[in-house]
Amino acid sequence: MESRTLRLGAAGAMLAALASCTNTVSHDGVPPAGAAPATAAANRAFTALPLGDAQDFEDAKRGLIARPEGQIKAANGTVLAEFAEWDFIKGEAPSTVNPSLWRHAKLNASAGLYKVTDGIWQVRGFDISNVTLVEGKTGWIVVDPLTAKESAAAAMAFARKHLGDKPVSAVVFTHAHADHFGGVLGVVTPEEVAQRKLPIIASEGFMEEATSENMMVGTAMARRSMYQFGKNLPRSATGNVDTGLGKGVVYGSVGILQPTLVITKPTEEHVVDGVRFVFHNVPGAECPAELTFSIPERKAYGGAEVLAQTMHNLLPVRGAKVRDALRWSAYMQSALEQLGDAEVYFGQHNWPIWGNQRIAEFIRAHRDVYKYTHDQTVRMINAGYTPREIAEKVKLPKSLQAHFGARGYYGDVRHNVKAVYQFYLGAYDGNPANLDPLPPAESGKRYVELSGGADKVLAAARAAYDKGEFRWAAELLNHLVLSSPSKEARELLARSYEQMAYMAEATTWRNSYLTAAMELREGPPKKGVDRSYFIDALSQTPVERFLEALAAALDAGAAEGKDLKVNLVFTDTKESFVLWLENSVMHHRKGPVDSSANATLTLTRPVFVKMMAGTAGVKDTLLSSDLKVAGSSIDLVRFFTLFDKPTGTFPIVTR
Ligand SMILES: [Zn+2]
């Protein structure tokens with residue numbers, strides 16, 4: 001716990017007074033500060049937007065059939081989501097939330113079952129994404145069964161309660177991100193799919209991307225996504241209010257099913273349970289494998305996630321491979337043609353739009369947000385500007401700023417211009433001062449020394465804070481916190497981040513700043529994202545992907561000079577692999593076992609997946625009856641203990 005008696009100067013006293021006006025106390029007992037004057041002024045500027053415009057609010061509640069109550073729980077009783085926890089989002093924006101974001105958070109706070117048009121419904125607010133139900137001849141065609149088995153099952157049960165009981169007749173996965181397929185086992189079972197020959201529809205590359213996209217750096221991405229989504233933040237006016245795409249992600253059991261109908265052509269028509277779908281492949285924009293679709297007879301257009309009621313990320317702050325802005329924009333131009341005479345657009349996040357003209361306007365805004373960001377960034381690149389300079393320069397034109405549905409609630413234009421820079425030129429800005437700079441803690445130490453010591457830096461940061469220069473305060477304090485941290489420095493940095501959070505229009509920025517503030521006070525989380533939730537999905541990941549990731553976990557120092565070779569034999573899939581060390585690198589090759597190996601491990605795929613997912617310790621696994629060891633058990637243990645087992649709790653804002 002942090003000291004409650006902090007010397008924050010005059011502004012600190014005022015902040016303390018403001019804090020007493022807010023009715024929320026953060027989880028660690030430190031009363032969160034209210035908005036500083038500079039924050040309040042910055043937020044006031046947003047009230048010039050037509051925040052009272054009623055159209056989006058009408059759209060967000062149109063077709064409401066019923067609202068859910070209560071909780072979504074895991075089988076062991078853990079509460080995964082609670083509908084009432086967002087009830088505080090109503091009325092005028094509190095001083096601690098950007099007014100434009102508050103408006104968006106209110107729009108997303110509308111969990112329920114909705115009729116989109118005749119024969120199409122959506123369940124929203126049961127997870128970060130929506131599940132769409134299309135009525136077929138014999139049952140429901142389920143589009144995107146949410147992130148978790150638990151949330152998907154709850155959403156289906158809720159829909160059935162109000163729409164009547166019908167079987168699932170097909171499943172469509174719009175893309176390979178877990179919030180669009182992970183809950184499938186809450187909707188159908190693999191046995192049901194096989195027995196009833198249910199079509200499971202996805203685009204080319206879906207399975208590979210879904211099970212492997214995040215395999216290599218999954219640990220770091222999961223850790224960083226805690227910042228992006230504000231996973232550990234309290235839901236409150238000084239905490240998490242939204243994620244841009246919806247409310248919270250449901251961290252439950254993630255599964256997957258193998259598609260039985262793969263869309264490979266740019267456009268393909270299929271009749272699914274009596275309903276004509278026109279699918280459009282849109283890979284390599286929002287997701288490496290993605291499709292949109294039209295249902296012409298219902299005058300409906302499903303935009304998957306290349307369209308949402310927010311500017312999207314060309315590079316998520318959790319980290320990912322950078323996305324192609326031009327391609328994304330081109331898909332939007334095609335979408336205008338594919339729209340045809342559709343009268344309703346619905347996405348797999350946020351709320352729909354009705355009316356052909358309004359939908360076209362919405363698509364054009366998205367097309368131009370990405371193209372403008374791309375083109376103006378490239379223009380600045382060729383004029384010699386660097387990422388941080390371009391981020392200050394590129395502002396969307398007024399005509400685009402006026403589209404709430406394309407504003408930066410999830411993506412942010414300042415972050416997206418850096419993504420465009422990175423797409424073409426990488427992270428290095430060309431200035432050799434940045435070619436081989438000292439690591440942050442080292443340069444931090446020297447800056448602090450140069451400034452005359454920690455007290456001087458702290459005083460300068462406090463003055464910057466008092467003037468409302470939070471970015472500068474944060475930069476100064478970051479040097480201090482990374483090199484010679486004190487409670488005062490950490491607390492003032494936390495407070496600076498809080499002010500930056502309160503001003504942020506993007507949820508991803510707000511959640512990042514607030515999570516940073518929390519971790520400055522409490523340290524990194526004790527637990528990482530539990531990989532055992534992903535077991536069902538990982539069971540479909542090719543062995544090669546696990547072995548590539550395993551090789552990248554090799555402790556090269558410990559492996560120096562070691563010469564070990566291990567055979568892996570799978571009794572269920574009849575595959576075998578040889579793993580060996582050479583030059584402190586682990587290699588693998590699929591093929592017959594090598595008789596010169598130190599040991600041979602004979603096992604099944606599920607046991608291997610458990611071992612790789614870290615849900616069973618290596619030694620426990622090696623000694624269990626689930627597998628057989630031939631050759632030297634000692635060498636086998638020596639081999640497997642050469643690999644890191646990262647916990648996913650590494651520090652980000654502290655050292
Ligand atoms: Zn999504």
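1. Two residues are in contact when they have heavy atoms within 4.5 Å. By that rule, and not counting residues up to four places away in sequence, phenylalanine 126 touches Pro68, Ile72, Phe83, Leu146, Ser151, Ala154, Ala155, Phe158 and Val250.

2. This is a predicted model, in which local features need pLDDT of at least 70 and side-chain atom pairs count only at pLDDT 80 or more, while totals for chains, interfaces and linings use all residues. Residues are numbered from 1 along each chain as its sequence is written, and side-chain values use heavy atoms, with hydrogens and water left out.

3. A nonpolar core is a set of buried Ala, Val, Leu, Ile, Met, Phe, Trp, Tyr and Cys residues joined through side-chain atoms within 4.5 Å. Buried means under 20% relative accessible area, exposed means over 50%, and partly exposed is in between (1.4 Å probe, protein chains only). The largest such core has 45 residues, and those that touch the most other members are Phe126, Leu133, Val142, Phe173, Val188 and Phe206. At least two residues of this core come from each of strands E3 (79–82), E5 (120–124), E6 (131–135), E7 (140–143), E8 (168–172) and E9 (200–203), and from each of helices H5 (149–163) and H7 (206–212). Helices (H or I, at least four residues) and strands (E, at least two) are DSSP runs, numbered from the N terminus. H5 gives the most to this core, with 5 residues. Another core, of 37 residues, lies apart from it; Leu314, Ala365, Val369 and Ala406 are among its members.

4. Two residues deserve a look for their backbone angles. Most residues other than glycine have a negative phi. Leucine 146 is not a glycine, yet its phi is positive, near 55°. Leucine 146 sits in the loop between E7 and H5, and counts as buried because its relative accessibility is 0%. Alanine 304 likewise has a positive phi, of about 50°, although it is not a glycine. The loop that holds alanine 304 runs between strand E14 (300–302) and helix H9 (325–339). With a relative accessible area of 1%, alanine 304 is buried.

5. How do helices H15 and H16 pack? Their axes come within 8 Å and cross at roughly 160°, so H15 is roughly antiparallel to H16. Axes are lines fitted to C-alpha atoms, for helices over the stretch in contact, and angles run from 0 to 180 degrees between N-to-C directions. Angles under 35 degrees count as roughly parallel, over 145 as roughly antiparallel, 65 to 115 as roughly perpendicular and the rest as oblique. On the H15 side the contact is made by Ala454, Val457, Leu458, Ala460, Ala461, Ala464 and Tyr465, and on the H16 side by Phe470, Trp472, Ala473, Leu476, Leu477 and Leu480. By class, these residues are 13 nonpolar, no polar and no charged. Ala, Val, Leu, Ile, Met, Phe, Trp, Tyr, Cys and Pro count as nonpolar, Asp, Glu, Lys and Arg as charged, and the others, Gly among them, as polar.

6. H15 (residues 454–466) also packs against H17 (residues 487–503), at an angle of about 20° and with the axes 11 Å apart. H15 is therefore roughly parallel to H17. Leu458, Ala461, Arg462 and Tyr465 of H15 meet Glu488, Ala489, Leu492, Arg495, Ser496 and Gln499 of H17. This contact of H15 with H17 divides into 5 nonpolar, 2 polar and 3 charged residues.

7. H16 (residues 470–483) has a further partner in H14 (residues 440–450), with the axes 8 Å apart and an angle of about 110°. H14 and H16 are therefore roughly perpendicular to each other. In H14, Pro440, Ala441, Ser443, Gly444, Lys445, Tyr447 and Val448 meet His479, Leu480, Leu482 and Ser483 of H16. The contact of H14 with H16 has 6 nonpolar, 4 polar and 1 charged residues.

8. Two loop residues remain. Lysine 90 lies in the loop between E3 and helix H4 (99–108). Its relative accessible area of 58% makes lysine 90 exposed. Leaving aside neighbours within four places in sequence, lysine 90 is in contact with Trp102 and Lys106. Phenylalanine 534 is in the loop between helix H18 (507–522) and helix H19 (535–538). Phenylalanine 534 is partly exposed, at a relative accessible area of 28%, and touches Val254 and Val529, not counting residues up to four places away in sequence.
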